[in-house]
Amino acid sequence: RRGGPPRLTGAPRFRGRSETVADAARKYWNMEVEPKLNTPEMKELQLEKLIYNYLENLSKIQNNFIKAMKTVLKDGNCDDFHFLMDQTHKYESRADDLRDEINELMYSRALIPESREDIMALIERIDEIPRSFEHVLNIIRTEKIALPDFLVLDIQELIRVSMESCDSMVKQIDVMIKKKEGIRALMSTIDKNESHCDHIER
């Protein structure tokens, strides 16, 4: 969808416990508890850690994309833009690696089959975002696109609103994993941003 990332309407089915998986994960990775390897619970904690690593890497891709677009809007198709594009590609490749790690862990029976399908469908949809970032930068570089001055303000606003939607999407995933309230409010923000971007494009 234009104007932002895919909207998330339901949470993947993590096991329900009085202590959230995220809390348990923090205790484990901070070495506050003795690790118990190869248990379903441990694999679930590892899966969540990989998902959060993926989201952290997505943030790096997003930041490099923003810097690259700011550079090309100000200075054109210059060496600094090429460097930032290469950095974006590096982190996009890392996203592919993390996605493969998530897939491998899930199919080692970390989750029940229905949950594996939910998680992989979610990751595949999210993965469209870094691919889109890289695709946009690649088009600008290879086709040597010069963005006219009269479009700069609109493009800047499109980028701002789209990045806000990406941030809201990441918050949705965090809310789902931690089983908190707020998904619908975040979805509403993404819907409004999408409408705003459609208005700018017209």
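**Terms and values in a predicted model**

Reader: Why is Lys144 called exposed?

Author: Lys144 has a relative accessible area of 66%, and because exposed means over 50%, buried under 20% and partly exposed in between (1.4 Å probe, protein chains only), Lys144 counts as exposed. This is a predicted model, in which local features need pLDDT of at least 70 and side-chain atom pairs count only at pLDDT 80 or more, while totals for chains, interfaces and linings use all residues. Residues are numbered from 1 along each chain as its sequence is written, and side-chain values use heavy atoms, leaving out hydrogens and water.

Reader: What makes Phe65 and Phe133 a stacked pair?

Author: Rings of Phe, Tyr and Trp (its six-membered ring) pair if their centres lie within 6.5 Å, and planes under 30 degrees apart count as stacked, over 60 as edge-to-face and the rest as tilted. The ring centres of Phe65 and Phe133 are 4.4 Å apart and their planes stand at 15 degrees, so the pair is stacked.

Reader: How do you know whether Phe65 and Phe133 are buried or exposed?

Author: Phe65 has 7% relative accessibility and therefore counts as buried, and Phe133, at 6%, counts as buried too.

Reader: What makes a set of residues a nonpolar core, and which residues have the most contacts inside the largest one?

Author: Such a core is a set of buried Ala, Val, Leu, Ile, Met, Phe, Trp, Tyr and Cys residues joined through side-chain atoms within 4.5 Å. The largest has 45 residues, and those with the most contacts inside it are Ile51, Met69, Ile102 and Ile173.
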